[in-house]
Amino acid sequence: MNAPVHHQTLITPAHPKALASGQFKVTARDVDVYYGEKQAIKKLSIDIPDRAVSAFIGPSGCGKSTFLRCINRMNDTIPTCKVTGLIDVDKRDIYDPNIDVVQLRAKVGMVFQKPNPFPKSIFENVAYGPRIHGLAAGKTELDEIVEKSLRKAGLWEEVKDRLAQPGTGLSGGQQQRLCIARAIAVNPEVILMDEPCSALDPIATAKIEELIDELRQNYCIVIVTHSMQQAARVSQLTAFFHLGTLVEYGDTNEMFTAPQEKRTQDYITGRFG
Amino acid sequence: MFVWTVLLIVLMAVIAYWAGRTHAAGLVTAGGPRLHSLPSYHGLFTAAGAMIGGLALAIAGAFVFGSQSLLTPVAAVIGAALGAFPLYSKSSLDFRARNNFERVVLVLLITCSAVAILTTIGIVFSVLYETLIFFRSVSPIEFLFGTHWSPTGTPASFGFIPLLVGTLLITVIAIAVAGPLGLLSAIYMAEYASPRLRSFLKPILEILAGIPTVVLGFFAALTVAPLIRSSGEAMGFSVASESALAAGLVMGMMIVPLISSLSDDIINAVPQSLRDGSYAMGATKSETIKKVVLPAALPGIVSAFMLAISRAIGETMIVVMAAGLAANLTANPLAAVTTITVQIATLLVGDQEFDSPKTLSAFALGFVLFFFTLVLNYIALRIVQKYREQYD
Amino acid sequence: MTEVRDELVKKRYASERRFRFYGAAALILTALFLAVLLIDTVIRGIPAFHETSVEVDVNVNAADVDPANLPGGNYDKMIKEAFRAEFPEVTGRANQKALTALLSTGGADALRSMVIADPSIIGKTVTVPVLLGADADMFLKGQLTDQTIAPGKATLHVARLEGEEGFVLTGEKTGEEAEKQLGLATGDVVRFQGGAVRVTGMQNGYLKADPVLPPDAAFSTGNFDAGQWDIVSFSVPQANRRINDNQALWLDKLKQEGRIENSFSWRFFQAGDSREPELAGIRGALVGSLLTVLVAISLALPLGIASAVYLEEFAPKNKWTDLIEVNINNLAAVPSIIFGLLGLAVFLNFIGLPRSAPLVGGLVLALLVLPTIIIASRAALKAVPPSITEAALGVGASKQQAVFQHVLPLALPGIMTGTILGLARAFGETAPLLMIGMIAFIADVPQGFTSAATVLPVQVFLWSDLPELAFKSKTAAAIIVLLVVLFALNAIAIYLRKRFERRW
């Protein structure tokens with residue numbers, strides 16, 4: 001199902017190596033994240049390649065969502081959260097003062113655990129991003145962007161006749177695809193997904209996983225999931241988090257058949273989690 | 001006499017309590033079966049009987065003998081005794097004194113709750129009654145659609161339209177002031193201010209909300225109106241000394257805390273997930289507020305505005321002190337107009353015969369006012385209810 | 001970064017800053033309004049907390065007092081005679097009337113109390129503080145007009161005109177030059193040894209003046225060096241003020257002699273209403289407010305708590321109770337004047353209770369604050385976690401026992417806070433009480449719940465309507481008292497909330 005990409009140059013935290021240029025979309029070095037006094041992420045380093053799906057797995061509270069939210073600086077909205085260390089997207093430090101967080105978030109899109117479409121029409125939901133970023137010169141361009149995004153999200157056929165109806169009127173799975181279309185509409189390069197299927201039924205989940213598989217041809221996708229089966233199905237690379245540290249990161253198949261760390265082995269075999 | 005009667009009933013109740021309790025306690029023999037209810041409940045039940053009996057005969061006595069007569073407290077005492085005795089004799093080991101007493105309490109609670117409903121019925125009935133009498137001398141059509149209001153003139157005319165226009169003019173000015181100020185304050189406090197700043201700003205709004213309207217009216221009449229007049233005349237306008245602008249402005253400031261606190265609650269009720277969705281798209285805070293939060297909060301904000309309008313329409317003291325008395329059909333904020341509430345106050349204050357059309361017209365005005373504000377409040381509260389359901 | 005549309009991004013951030021600024025500006029404007037309101041009121045009201053009296057030596061004439069009836073003595077006459085004696089130069093009925101008009105009609109009260117307390121002073125001469133009238137009081141506080149007294153800088157020559165009531169003023173020059181040299185303007189009063197004259201302007205080339213404190217008949221001319229005469233100028237011309245130039249000069253003289261006493265006005269708190277501003281106090285209104293609010297709370301509190309307990313804990317949840325809840329929410333938002341109409345129609349006309357009595361006012365206010373108390377109490381009861389009730393029921397308590405012995409005590413702080421806030425609201429209400437007749441002028445302090453009374457907010461309203469300038473000051477002072485009481489009540493409520501309310 002998944003052909004591993006850049007297999008040989010993957011790094012596990014035990015052997016930090018210098019990067020080969022242009023290979024990794026998102027990199028992190030020695031990242032610490034604090035919520036007030038409590039440390040949620042400890043010395044995290046990782047390299048995430050482009051055009052692949054990387055899955056973050058681990059027991060609840062291990063920091064995977066926290067780290068995900070660092071990549072598009074959503075943690076900025078939490079006043080008690082402090083992030084130190086280096087996080088690069090396309091080799092540019094995203095915490096650099098010269099970086100405009102508003103544009104960063106157009107480049108790094110996010111889909112949330114519970115679908116959160118705006119209480120607007122389907123069209124307006126998808127058009128929101130292009131509008132505020134000025135991506136469309138006129139109405140026809142905007143229409144095109146909306147149609148393209150909905151097609152890419154696999155939702156166009158189902159909603160093309162009712163674009164003016166409220167987005168909240170769709171089913172759970174459709175709402176989530178709408179949120180994905182919304183994220184795609186601003187032309188991101190990275191799509192972060194925080195447990196996107198946990199609020200959906202199995203059929204909707206399957207549809208989303210299919211979608212993710214298509215999307216990975218054009219985007220760098222990072223997905224947080226509490227389901228190891230989903231990680232196994234959907235991703236090429238998997239990172240195992242435990243108590244705020246990255247324990248192991250490598251090819252998905254290898255991780256699930258022959259993990260290198262004992263903790264990974266224990267989690268996968270269900271000893272804890 | 002009244003005080004004596006009450007004191008006597010209370011005294012009888014205390015005696016009844018003591019008697020009932022001791023009697024019940026005396027029924028228990030060592031080693032024998034226990035009482036169903038604690039002795040104190042026997043006492044309470046007996047005392048309740050005393051109070052009800054005493055009150056009943058006191059009221060009857062007041063009707064028959066007159067409230068000043070000495071016979072009324074006597075009747076009360078007899079009533080108390082008559083009420084207490086049957087209950088006293090009911091005391092036995094098996095007697096469910098507590099349940100009976102609790103039944104009495106329940107009836108009492110229900111009666112108290114009925115007062116609130118009785119108030120509404122009372123308002124509607126009394127005001128409607130007088131209004132209907134008024135409509136016997138003045139036709140409703142002339143009242144509702146007439147454009148000349150002069151109840152003291154000869155001949156007296158009761159056209160309601162100038163009052164409606166005056167009320168609306170001042171209300172529009174008030175909302176034009178309070179709407180932006182209240183809403184923007186709420187947005188700033190809910191979205192931008194730090195918790196420390198919030199704890200400093202909220203009391204300021206609460207203090208403003210607690211200022212009695214008569215104080216605001218004084219300020220409007222003595223400071224704001226002359227200020228507007230002099231600056232208006234300096235700019236070349238002709239400004240009345242009781243301009244609608246002065247009254248409307250101060251009334252607007254009075255309403256700011258209302259709109260602000262209601263909007264604050266509503267904005268805070270918008271789920272954080274919507275904001276997160278917008279931020280994740282790369283929107284700035286103001287874009288998120290303007291395009292996502294406020295549209296989502298719109299029904300609640302509309303209802304807040306409706307409640308504010310209702311409050312402005314029903315406000316009396318500020319307009320009595322700062323707005324005019326002459327009915328003036330105009331849309332000019334610099335002119336003096338009068339409102340519904342001012343007319344109600346002016347017509348009913350002072351000694352005049354109660355049944356003249358002049359006095360009754362005040363009730364007709366009151367009825368219109370009550371009806372209007374009731375409709376506005378009802379719609380506003382329903383919107384808030386439905387809105388809450390959406391997010392629960 | 002890709003998608004570099006810097007122009008647009010800059011505009012978006014500018015829009016963000018502007019938006020944030022508008023929000024802050026709205027709050028600042030509101031706070032500013034509040035500050036201006038409070039400061040303006042305080043500045044207006046502070047003068048009313050002081051009263052001015054003049055020290056007069058009064059001869060307690062035995063002929064005017066009957067020892068068997070001390071309160072009935074003619075103290076007014078004694079005061080006026082003594083006061084006139086201070087100004088022997090004032091002659092003529094009109095002027096003497098103007099002089100004694102400076103005193104308050106109640107000025108003799110201090111003397112009356114002194115004689116009643118110590119009848120032995122009859123026949124002796126005593127020093128008595130006599131209260132000044134409102135106009136004199138306002139003048140001395142500088143509220144009637146601004147007054148500047150400057151010594152004359154040049155030599156002044158005053159000459160009585162022959163055959164006319166008038167004087168000519170010259171300096172070393174005459175005519176227009178004189179006006180400039182002496183530094184005089186029309187309306188200024190020139191004060192010199194022997195009298196005072198008011199400049200009326202140029203006439204026939206001479207600077208003319210009318211007598212204010214006329215020099216006696218013997219005076220025909222006078223020369224005064226610089227520093228020996230004064231220029232007294234007023235910002236408000238004599239025609240527009242209630243203290244004319246004579247009276248102003250008499251008061252100035254008393255002030256210069258140090259006979260004017262400025263003291264804290266306890267009278268403001270001890271006296272009832274009066275038609276004379278200087279005698280008016282808020283005692284009647286305060287007592288009336290106290291009685292009215294007492295009636296209101298003693299009715300609304302038990303009814304409110306009982307209703308709230310029933311509706312929250314015992315009532316079945318059906319469409320009737322929904323209707324009741326809607327009804328109560330609506331009542332809480334009904335304009336207060338409607339409650340006045342209810343009071344007028346039902347309590348006064350149908351039942352026939354006495355007009356303007358604290359009993360009726362209290363009934364009306366009770367109905368007014370009842371919905372608020374019910375809503376606040378229900379919220380307090382709802383906040384108590386159901387686990388408490390379940391625990392009580394679990395050990396075998398009846399529902400009523402659980403509610404009254406466990407839930408209600410825990411909800412009590414919240415209920416008390418709501419009640420005090422309701423109390424504060426009732427204390428400040430005006431419109432409904434106007435409807436039930438509390439608008440009459442009531443000078444006596446109310447004796448009971450059925451005697452005619454007024455309340456503090458209505459007193460404020462009544463005084464604000466009166467034209468005398470002095471009453472404006474009193475109104476502001478009464479407002480200060482009202483705000484202090486409300487502030488205290490709110491502070492108590494907040495203290496109770498902080499101290500006793502538990503966060504579950």
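## Contacts of Ala220(B)

Two residues are taken to be in contact if their C-beta atoms, placed from the backbone, lie within 7 Å. In this predicted model, and leaving aside neighbours within four places in sequence, Ala220(B) is in contact with Ala225(B), Ala246(B), Ala247(B), Val250(B), Ile318(B), Met321(B) and Ala322(B).

## Nonpolar cores

Ala220(B) also belongs to the largest nonpolar core, which holds 301 residues. The members that touch the most others are Ala220(B), Ala247(B), Val250(B), Ala308(B), Ile318(B), Ala322(B) and Ile79(C). Helix 9 of chain C, residues 283-314, supplies the largest share of this core, with 17 residues.

## Domains of chain B

The domain assignment divides chain B into domain 1, covering 2-114, and domain 2, covering 149-387. Taken over C-alpha atoms, the centres of domain 1 of chain B and domain 2 of chain B are separated by 52 Å.

## Overall form of chain C

Chain C contains 17 helices and 11 strands. Its radius of gyration is 33 Å, whereas the globule rule gives 23 Å for 504 residues; chain C is therefore more spread out than a compact globule. The C-alpha trace of chain C spans about 110 × 95 × 40 Å along its principal axes.

Of the 504 residues in chain C, 43% are buried. Among the contacts in chain C with a separation of 6 or more, 74% are between residues 24 or more positions apart.

Methods. Residues are numbered from 1 along each chain as its sequence is written. Chains are lettered from A and ligands numbered from 1 in the order in which they are written. This is a predicted model: local features need pLDDT of at least 70, side-chain atom pairs count only at pLDDT 80 or more; totals for chains, interfaces and linings use all residues. Domain bounds come from an automatic or database domain assignment. Helices (H or I, at least four residues) and strands (E, at least two) are DSSP runs, numbered from the N terminus. The radius of gyration is taken over C-alpha atoms; the globule rule is 2.2 Å times the number of residues to the power 0.38. A residue is buried if 20 or more other C-beta atoms lie within 10 Å of its own, exposed if 12 or fewer, and partly exposed in between; C-beta atoms are placed from the backbone. A nonpolar core is a set of buried Ala, Val, Leu, Ile, Met, Phe, Trp, Tyr and Cys residues joined through C-beta atoms within 7 Å.
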